[in-house]
Amino acid sequence: MSRARFLKLSATGFLGLMSLNACLKPDFGDEENLGNIRVICLADLHSSHRHFPRIINFIEQTSQQSKDKLLVLINGDIFESSNKVAIRSRGALEWYFLERLSKMAQVVVNLGNHEGGIEDDFRTVADNLRKLDIAVLSSIKSSTDGRHLGAPAISLMQNNQLVRIIGLSCSNQAAYRPVHRNRWIFPDPAGYLRENTGSLLHNGAVHIVMNHDGLITDKEILNLMPVGSIFLGGHDHLRAHSQTHSHLALHTSWGGHLCDVIDIGAATDKDPRSYAITTVEFDEHLNEDEPMVQMIRSRETQHLSTAERDLAGAYNQRVTPTRFLTNTVTWFRQHTKTDAVFINNTTFGPVLPNGKVRYYDIENTIRFDSRLFATSVRGSQLKTICARSNQFNNFSWEERTGEFVVGVFPSAIDPFATYRIAVNEWVAQPDNQLHFLGINDLHFEELTHEPSMREIVAIRLPGHV
């Protein structure tokens, strides 16, 4: 494996002190990990095709170092309905990616809302996953006969330890395509767990909950599971973790930028469970799987128009995904000449590639395009909004609100002054203002004379014509 950047997070027992250290290369072949359960955790890939070759290469090499069959958990939203190659090819790249993974690891998929984005019949996606010997989890049930779309839970033996994996899908009906909304029931995860505790849990097992209903739901279900349970979150596109005496909870970012590798040790008389977490960033320092690269090129040539493949400019800033979000919102603020701009974080897909940027790349980075909407607020209101924005590493698990706004705003705010702010269309909607901004009843006006967000990104790129 070529040089890569990794973050390592280790602890012994759920009361252990976690430490975060940088290292150049993970050692997944060391003797002390041979008896562990090794789990690779992914979530919210959203058709981030350019990361697929590095993910495959990493998992293949890690699998070769593992004594037992590697366990790969994907917590929903592998597909992206706004990605033109994914839609026009009916997920050809995603299916090839999943097929490759299924040959080198035991893959478990918890269905997210975007799994229904490429097919009118949700069952087609679940059936295709099973044909690849991929285990399918879901709490979604048929509205006609009550049958589950996927298994509610499965049990696996890994390195002589029993693992019980539970899948909870997104409960927000509006997050699914209209064609699915009346055909399926999307249970509230907390209520679903309470009603089905007896059938979902297994004595003596390592319990892993894959929840694709967001962080607020995570908070509701943490105490419903046995001590030592692990929770893998998704849907909100967060990078976060929580560790207490009873659980470990992780949100593994979005857009295929990274994964978490968890080594779970057997319980002892002194500790209910020991574990070590290594975070792997899928950047240019990792080698790519060449067949996947060639497949991507072929499908893009087949399914993208000349205009979509045209260059919009170049992006040569090597920054973290978090910094990329704030840099992009800064472009919106500069272009609109407003005092502050706030964009909900799930608007963003994978960050722009380093180097040449096509219009297709911009479409994938800004998943949901719109013009910006503006209004005036008092400084005291702006402070309230700012306090809820940018929920990155500086926010504790308890403080987080789930999906949030990425904001760029003045460093000093006069509570009695008036400020002009802009947001995207989703945040401007009356039903969404309170969650994202902490206030409501604001009257936004569309900036019809301004370009859309995708257009602003293109304009701001160096070399844009």
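1. At the start of helix 4 (122-131), a side-chain oxygen of D121 comes to within 3.0 Å of the backbone nitrogen of R123. Helices (H or I, at least four residues) and strands (E, at least two) are DSSP runs, numbered from the N terminus. The model is a predicted one, in which local features need pLDDT of at least 70 and side-chain atom pairs count only at pLDDT 80 or more, whereas totals for chains, interfaces and linings use all residues. Residues are numbered from 1 along each chain as its sequence is written, and side-chain values use heavy atoms, with hydrogens and water left out.

2. Within helix 4, the residues F122, V125, A126 and L129 are buried, where buried means under 20% relative accessible area, exposed over 50%, and partly exposed in between (1.4 Å probe, protein chains only). These four cover an arc of only 95 degrees around the axis, which puts them on the same side of helix 4; the arc is that of the directions from the helix axis to the C-beta atoms. The cover over the buried residues of helix 4 includes helix 3 (92-102), strand 5, strand 6 (135-137), helix 5 (178-181) and strand 10 (184-185). After the helix comes D133, with a positive phi near 65 degrees.

3. H114 sits in the loop between strand 5 (106-110) and helix 4, and is buried at a relative accessible area of 10%. Leaving aside residues up to four places away in sequence, H114 touches H46, D77, F79, E80, S81 and R367, a contact being heavy atoms within 4.5 Å.

4. Which strands make up the open sheet, and in what order? Its 5 strands follow the order 21-18-22-20-23, with mixed pairing; two strands pair if DSSP finds at least two bridges between them. Strand 21 (405-408) and strand 23 (445-446) stand at the edges with a single partner strand each, so one side of each has no neighbour in the sheet. Strand 18 (residues 340-344) and strand 22 (residues 418-424) run parallel and are joined by 3 bridges, with A340 opposite I421 of strand 22.

5. Strand 17 (residues 311-315) has 4 of its 5 residues buried. It is joined to strand 19 (residues 355-358) by 4 bridges, and the two run antiparallel; A314 has K356 of strand 19 as its bridge partner.

6. Searching the whole structure gives 0 disulfides, a disulfide being a pair of cysteine sulfur atoms within 2.5 Å. The sulfur of C170 is 20 Å from the closest cysteine sulfur, that of C41, and therefore too far for a bond. C259 is likewise in no disulfide, its nearest cysteine sulfur, in C41, being 7.8 Å away. C170 is buried at 1% relative accessible area, and C259 is buried at 0%.

7. Rings of Phe, Tyr and Trp (its six-membered ring) pair if their centres lie within 6.5 Å, and planes under 30 degrees apart count as stacked, over 60 as edge-to-face and the rest as tilted; by this rule there are 10 aromatic pairs. F52 and F97 are stacked, at 4.1 Å centre to centre and 15 degrees between the planes. Because F52 lies in helix 1 (residues 52-65) and F97 in helix 3, the pair ties together parts 45 residues apart in sequence. F52 is buried at 0% relative accessibility, and F97 is buried with a relative accessible area of 0%.

Key: Polar contact = N/O pair within 3.5 Å; in protein donor to acceptor, adjacent residues only side chain to side chain.
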